[in-house]
Amino acid sequence: MNAAAASVKCWFDAGIALVYPPVCQLCGEHRAAPQEGLVCSRCRAKVRYLQPPFCERCGLPCQGEITTPFSCANCRALDFHFRSARSAAAAGGVVLESMHRYKYQRAVWFEPFLADVFMREAVPGLRGQGWDLIVPVPLHPTKRREREFNQAERMAGYLSGATKIPLNKNLLRRVVPTRTQTLLTRQQRAANVRGAFAMRQGLRLRGQRVILVDDVFTTGATTDACARVLRAGGADEVCVWTVARGL
Ligand SMILES: [Zn+2]
Ligand SMILES: [Zn+2]
């Protein structure tokens, strides 16, 4: 482990050790273990895992008995640079709350819970598909320094560990410090991230198939901007996996 990784690990362990007694950090009522992200079994049972059928492109779940591949109305009007996007759970309730506190309030003890939610769907979803590489959506260096960690990179690390697919967190970089996407429309989001990402200088892919990892999929603007750069940089194909998805 290098010095930077060791210091992050130390900081995570310290964050987790601060919470005592080990009570669920979402409901505050039931016991929960640190290795479960301090989320009790009742709160875990509230996670809304996404169920097929999905739009084959953006992963939007649809009602009904659809057995053939289909695209949603939105994807028929757009042309994403990724082949498909999938997410483990709906971005709401316990998942959204823990994700926000993890990202914005450094509630690092939620990490094992969020990683579990992600792994439960992504690991079987990717099995046997022959992907070569896992790449997280990067943060701009300024934001990365402020937050001290990149949540997409952390989740990508768990996925790499569970699937044994190599992780490359230095391939993409965020060259423009974009403003937060939260209050923007779909068109504004796309404009906001256009040109925000680049391959690290001197690096190119040679036909690899890449899994792009992010925390939340909303309109797909961010992941599409990254997929476009990866494809231009030599990736044969890109799929997206996120922990949560806006519906
Ligand atoms: Zn609870
Ligand atoms: Zn779609």
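I am working from a predicted model, where local features need pLDDT of at least 70, side-chain atom pairs count only at pLDDT 80 or more, and totals for chains, interfaces and linings use all residues. Residues are numbered from 1 along each chain as its sequence is written, chains are lettered from A and ligands numbered from 1 in written order, and side-chain values use heavy atoms, without hydrogens and water.

**Zinc ion (ligand 1).** I looked up the donors (N, O and S atoms within 2.8 Å of the metal, or 3.2 Å for Na, K and Ca; water is not among the atoms, so sites may look incomplete). They are the SG atoms of Cys 24, Cys 27, Cys 40 and Cys 43, at 2.3 Å. Their sequence spacing is C-x2-C-x12-C-x2-C. The angles run from 103 to 113 degrees, and the site is tetrahedral (four donors, all angles between 85 and 135 degrees).

Is Cys 24 buried or exposed? I found Cys 24 buried, at 1% relative accessible area (buried is under 20%, exposed over 50%, partly exposed in between; 1.4 Å probe, protein chains only). Cys 27 is partly exposed, at 28%.

**Zinc ion (ligand 2).** Here the SG atoms of Cys 55, Cys 58, Cys 72 and Cys 75 coordinate at 2.3 to 2.4 Å. I noted the spacing C-x2-C-x13-C-x2-C. This site is tetrahedral too, with angles of 103 to 114 degrees. Both Cys 72 and Cys 75 are buried.

**Lining of the largest pocket.** The classes came out as 11 nonpolar, 15 polar and nine charged (Ala, Val, Leu, Ile, Met, Phe, Trp, Tyr, Cys and Pro are nonpolar; Asp, Glu, Lys and Arg charged; the others, Gly among them, polar).

How values were computed
Tetrahedral: all angles 85-135°; square planar, octahedral: opposite > 155°, others 65-115°.
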